[in-house]
Amino acid sequence: MTEKVTKDDQPETFQELPVVNNGSISELRIACDEALPKFLTKKLGYQESHQHNDIKLLFGYIACAFAGISVYVSYKMSFEDSKLIVAGCVLGYFIFSSAMTLYTWKIQKNVVFVGVNKESNLKLEVGVLTKAYNPIYQLSMKLTDPKSGKSVEQQINQSFAAWFDQVGHFAEDLFNHDVELLLSQCEGKLQN
């Protein structure tokens, strides 16, 4: 995904800089997606909810349990004795793997962050959308006030070139500034 390069002009400090392949939309998106929760939790005071990941992990663990049972049964029993159990395990694996895929596709969709602000108790949901061969990062935020039930949505479409230089260095401070600006627009609309 990312490779490490060093600044040759300052060997005494030996600062390592991550480099992202500018020709890969997925690498650019991953770099931005990884910076989002770090900034929102550490700098802006949001507590991240891992509900989507927990549900997908549960489906995955159950599917793997079916696979493990199938292997164990086929190891301990003859094929004729175990084929109904193995067939049931294959069906169980298929069902839970499909449930995990459907959950990701229909419920989680493009949501990369869900969190609650520790001070204001506002719920934030951040979604990201990128398309193949289009270097635009579509960032959407939905901010909800649980007391009033009111929610607002804002979105920006920004070229990856605004946050990455020609070599592929990520200007995280510029990215964080745009995220904070979008969030402040949501907060402003929510208060009106």
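Me: Is methionine 77 buried, exposed or partly exposed, and what's the cut-off?
Reply: Methionine 77 counts as partly exposed because its relative accessible area is 38%. Buried means under 20% relative accessible area, exposed means over 50%, and partly exposed is in between, using a 1.4 Å probe and protein chains only. Keep in mind that this is a predicted model: local features need pLDDT of at least 70, side-chain atom pairs count only at pLDDT 80 or more, and totals for chains, interfaces and linings use all residues. Residues are numbered from 1 along each chain as its sequence is written, and side-chain values use heavy atoms, with hydrogens and water left out.

Me: Where is methionine 77?
Reply: Methionine 77 is in the loop between helix 2 (51–76) and helix 3 (79–108). Helices (H or I, at least four residues) and strands (E, at least two) are DSSP runs, numbered from the N terminus.

Me: Which residues form a nonpolar patch on the surface?
Reply: Ile69, Met77 and Ile85 do, with about 240 Å² of accessible area together. Patches take residues with over 30% relative accessible area and no salt bridge; nonpolar side chains (Val, Leu, Ile, Met, Phe, Trp, Tyr) are joined within 5 Å, like charges within 9 Å. The areas come from the Shrake-Rupley method with a 1.4 Å probe, and for residues only the protein chains shown count as cover.

Me: Which residues does UniProt list as "transmembrane region"?
Reply: The unreviewed UniProt entry lists residues 58–75 and 84–105. Such annotations may be inferred rather than shown by experiment. In the model, the span 58–75 is 100% helix, with its end C-alpha atoms 26 Å apart. The span 84–105 is also 100% helix, and its end C-alpha atoms lie 31 Å apart.

Me: Which residue does aspartate 33 pair with?
Reply: Aspartate 33 pairs with arginine 29, with the closest N and O atoms 2.9 Å apart. Both lie in helix 1 (residues 25–42), four residues apart, about one turn of the helix. Aspartate 33 is buried, at 17% relative accessible area.

Me: And what about lysine 38?
Reply: The side chain of lysine 38 meets that of glutamate 172 at 3.0 Å, N to O. Lysine 38 is in helix 1 and glutamate 172 in helix 4 (residues 172–191), so this pair ties together parts that are 134 residues apart in sequence.

Me: Which residue does glutamate 80 bridge to?
Reply: Glutamate 80 bridges to lysine 83, with the closest N and O atoms 3.3 Å apart. Glutamate 80 is exposed at 55% relative accessibility, while lysine 83 is partly exposed at 37%.

Me: How many bridges join strand 6 and strand 7?
Reply: Nine bridges, with strand 6 (residues 134–144) and strand 7 running antiparallel. Serine 140 stands opposite glutamine 155 in strand 7.

Key
A salt bridge is a side-chain nitrogen of Lys or Arg within 4 Å of a carboxyl oxygen of Asp or Glu. Two strands pair if DSSP finds at least two bridges between them.
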